[in-house]
Structures are given as structure tokens and as C-alpha cells.
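Good morning, and thank you for joining this group meeting. Please look at the structure as it comes up, and I shall walk through its parts.

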Amino acid sequence: MIYRNNIFLSVSFIGLISLGLVMVTSSSIYIADNLTGNPFHFATRQALFIGIGILVFTIFLSTPSTFLEKIDWLFLLISIVLLIALFVPGIGTEVNGSIRWIRLGPINVQPGEVCKFSMILYTSGYCVRRMGEISTLRGFLKPLLLLGLVSFLILSQPDLGTTAIICAVVVAILFFAGISFFQFVLLLLLMGALGFIAIYFTPFRLTRVMSFMDPFLVQQGAGWQLSNSLIGIGQANWIGLGLGNSFQKNLFLPEAHTDFIFAILVEELGIFGVIFLISLYSFMIFAIFSIAMESLALKRFFQGFVSFGIGFLISIQALFNLAVNIGLLPTKGLTLPFISYGGTSIIIMMAFIGIVLRINNENRFY
């Protein structure tokens with residue numbers, strides 16, 4: 001079982017990273033040439049990010065999971081400091097009206113991505129430390145207050161998509177750890193109500209929701225991204241137009257190498273490319289959830305909760321991104337894990353896989 005999980009996870013991990021680099025190279029050629037004069041600008045940077053990610057992956061693969069459990073609070077503290085630093089003049093970098101990045105040399109650090117990492121570790125550690133009281137009101141409210149603080153800071157950027165993902169992951173870990181079904185339903189209702197308020201009382205979010213219902217009706221306005229994504233997907237067949245032959249990436253589809261890279265993948269690689277992509281995700285998520293269940297069977301609760309949180313994060317973020325690209329959800333600004341261009345995102349995802357592989361290898365000795 002342990003060796004099977006290692007094989008499934010390693011093969012799918014390498015496959016997704018490789019496919020992502022190929023698709024970033026293909027989808028970013030025109031925009032990179034238009035912005036920098038170098039058609040391989042984003043591809044080169046993505047290769048650099050992957051190189052840094054390999055180093056981070058190796059560090060976490062070599063780090064005992066029990067050590068992470070002891071310092072989970074430190075990761076949380078760092079992520080909150082980074083979130084607050086975004087709003088300090090001269091530190092946060094504004095792009096398209098959102099302040100989500102801190103520039104550190106060649107890398108733009110995105111604190112929201114770091115927060116995904118820290119919230120999974122801290123929530124898992126909290127559930128282990130408060131196992132006996134997690135279903136009580138006091139034990140239930142503590143992580144929610146922390147989640148409220150983090151959500152407020154991320155929403156202020158503004159970034160509703162990342163907020164929704166983090167809330168969903170934290171609630172999933174709490175439910176997995178043993179909160180009651182009533183508490184779980186209450187949390188879902190609360191998240192739904194807050195999401196409605198965040199959308200209804202924010203004009204640009206409300207416009208996105210309205211435009212996604214019929215993007216071609218407002219194609220020259222709020223529906224531009226989704227309509228061009230659907231046009232690209234609609235041009236595909238079983239084998240696609242061929243790698244590099246997408247029309248939509250020629251400055252028609254905004255964010256073709258980030259949020260909407262799936263549309264380019266479908267257009268160029270066709271349905272077979274989609275099947276290959278989903279197969280890689282399926283192998284990865286199956287392996288991660290298997291490791292989570294095996295850890296719980298060995299009474300390694302922190303390791304089980306962390307693995308479950310990582311698997312849930314990857315699966316729900318991938319589903320959200322695919323749903324946005326095909327018009328099932330409004331545009332949210334979420335990347336496709338391991339595939340989309342982005343420094344902090346790819347490094348954090350590679351760190352996650354290093355942690356899960358470490359946990360799986362540790363399980364051999366219990």
C-alpha cells in the first residue's frame with residue numbers, strides 16, 4: 001500500500017508539473033512577447049519557480065511531520081504577518097485593482113497561497129490538541145475566530161476565491177476531525193450567507209455573477225473572459241488543434257497562462273488531453289486520501305488531518321478552476337494546481353507533496 005501510494009503520487013506529481021510547464025510555455029508565448037519582447041519570459045520564470053519548488057519539496061520531504069506539528073503556530077504567524085504587510089505602503093503590489101503580492105526580487109510572494117499552507121497545518125494541529133473538545137462550543141469557536149480574521153484580511157485584498165477555498169478546507173478538516181453534523185451544516189449556512197453578502201454588496205462581484213449566466217450577452221464587457229474561454233473549448237475535438245495552435249491565446253483570452261490555462265489545454269490537446277489531466281489528478285488525490293486514511297488507522301491524527309486537508313485543497317481548487325473555465329461558476333481568479341503559471345502557488349503545491357510523501361514514508365515504521 002505504501003509503495004503503491006508513493007508510485008501513484010510521484011508519477012502524477014511529475015506528470016502534472018511537466019504538463020504544466022509545457023502548457024505555460026504554449027499559452028504564454030504571445031502575451032510574453034507583447035509585454036516583454038521575449039516569448040519565453042513566463043516559461044523561463046515558471047522553470048525557475050519549479051527549481052525553487054524542488055528545493056522546498058526536498059526540505060519538507062526531509063522534515064519529520066512531528067516537527068511541523070510543533071511549529072504549526074509559527075507558519076500561521078508568518079502568514080498573518082504577510083497578509084497584514086500587504087496593506088503597508090510600499091510593500092504590497094497592486095495588480096488589476098487587487099493587492100495580493102509582495103515583491104521579493106524575481107518572485108512575487110502571494111500571502112493568500114502561504115495562508116492555505118499554514119491554515120491546513122494549524123487547523124490539523126489544533127484538532128489533535130483539542131480532540132476532546134472539538135465538538136463543544138468553546139473548542140468549535142476558537143478556530144472559527146481565527147478563520148474569521150484570516151478571511152477578513154484576504155477579502156480586503158480583495159480575493160473572494162482564495163477566501164472560499166480556505167474556508168472550505170478548514171471546515172472540511174474540522175468535520176473530518178469530528179465536529180457534529182449540526183455544527184457542519186451551521187458552518188455551511190454561515191459560509192453561504194457571508195458569500196452572498198460579499199457578492200451582493202460588491203458591484204464588481206455581482207457583475208461577474210450576472211455576466212456568467214450569459215457571457216455572450218456582455219461579451220465586450222464583463223463576459224469577455226468566459227466567452228473567449230468557451231470559444232476556445234468549443235473549437236476542440238478529440239485531439240484538439242495541436243500543441244501551440246490555439247487561437248484564443250493570441251491576446252483574445254485574458255489570463256490564458258494562469259486562471260484560464262485549462263481552456264487553452266482543451267483547445268490544443270482536445271478531449272484526450274482533458275482525460276489525461278483528470279487521470280493525473282485522480283491518481284494524485286486517490287493516493288493522498290489513501291495516505292490520510294492509513295495515517296488515521298495508525299492513530300497518527302495530525303498526519304491524517306494534514307494529508308486529508310491537502311488532498312481536499314487540491315481537489316476542490318482544481319474543480320473550481322475547471323468549473324470557471326467551462327462556465328459553471330463565475331470567474332474567481334483561482335489557479336489550476338501544478339498547471340497554471342505562478343511562483344507562490346507552484347512552490348506551495350510542491351511543498352504539500354513533499355509533506356504527504358514524508359508522511360507516507362513515516363507510516364512504514366508504525
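F301 and F305 both sit in helix 13 (residues 301–325), where four residues, about one turn of the helix, separate them. Helices here are DSSP runs of H or I with at least four residues, strands are runs of E with at least two, and both are numbered from the N terminus.

Before I continue, please note that this is a predicted model, in which local features need pLDDT of at least 70 and side-chain atom pairs count only at pLDDT 80 or more, while totals for chains, interfaces and linings use all residues. Residues are numbered from 1 along each chain as its sequence is written, and side-chain values use heavy atoms, with hydrogens and water left out.

A pair of aromatic rings is described by the distance of the centres and the angle of the planes. Rings of Phe, Tyr and Trp (its six-membered ring) pair if their centres lie within 6.5 Å; planes under 30 degrees apart count as stacked, over 60 as edge-to-face and the rest as tilted. The whole structure contains 16 aromatic pairs by this search. One of them joins F117 and F352, a stacked pair with 5.5 Å from centre to centre and 25 degrees between the planes. F117 belongs to helix 6 (residues 111–129) and F352 to helix 14 (residues 343–362), so this pair ties together parts that are 235 residues apart in sequence.

F117 is buried at 4% relative accessibility, and F352 is buried at 1%.

F301 is partly exposed, with a relative accessible area of 33%, whereas F305 is buried at 2%. Both belong to one aromatic cluster, made up of F176, F289, F301, F305, F308 and F312.

Another ring, that of Y122, has R129 over its face, 5.6 Å from the ring centre. A charge sits over a ring if NZ of Lys or CZ of Arg is within 6 Å of the ring centre and within 35 degrees of the ring normal.

Let me turn to the interior. Of the 366 residues of the chain, 53% count as buried. A nonpolar core is a set of buried Ala, Val, Leu, Ile, Met, Phe, Trp, Tyr and Cys residues joined through side-chain atoms within 4.5 Å. Which residues touch the most other members of the largest nonpolar core? Among its 98 residues, they are F338 and I353. The element that gives the most to this core is helix 12 (residues 261–297), with 15 residues.

Contact means heavy atoms within 4.5 Å. Apart from neighbours within four places in sequence, the residues in contact with F338 include F13, Y281, I314 and I353.

Most residues other than glycine have a negative phi, and most peptide bonds are trans. F338 is not a glycine, yet has a positive phi of about 70 degrees. K299, also not a glycine, has a positive phi of about 65 degrees. K299 lies in the loop between helix 12 and helix 13 and is exposed, at 64% relative accessibility.

On a 1 Å grid over the protein atoms alone, a cavity is a set of points where a 1.4 Å probe fits but cannot get out, and lining residues have an atom within 4 Å of a point. Grid points are joined across faces, edges and corners, and a volume is the space filled by probe spheres set on the points.

How many cavities of 30 Å³ or more does the structure hold? There is one, and the largest cavity holds about 40 Å³ of space. Its lining consists of K116, M119, I120, I165, I166, V169, V170 and L313. Helix 6 and helix 8 (160–177) are the elements that give two or more residues to this lining; helix 8 supplies the largest share, four residues.

Terms used
Buried means under 20% relative accessible area, exposed over 50%, partly exposed in between (1.4 Å probe, protein chains only). On a 1 Å grid over the protein atoms alone, a cavity is a set of points where a 1.4 Å probe fits but cannot get out, and a pocket is an open set with protein on both sides within 12 Å along at least five of seven lines; lining residues have an atom within 4 Å of a point.
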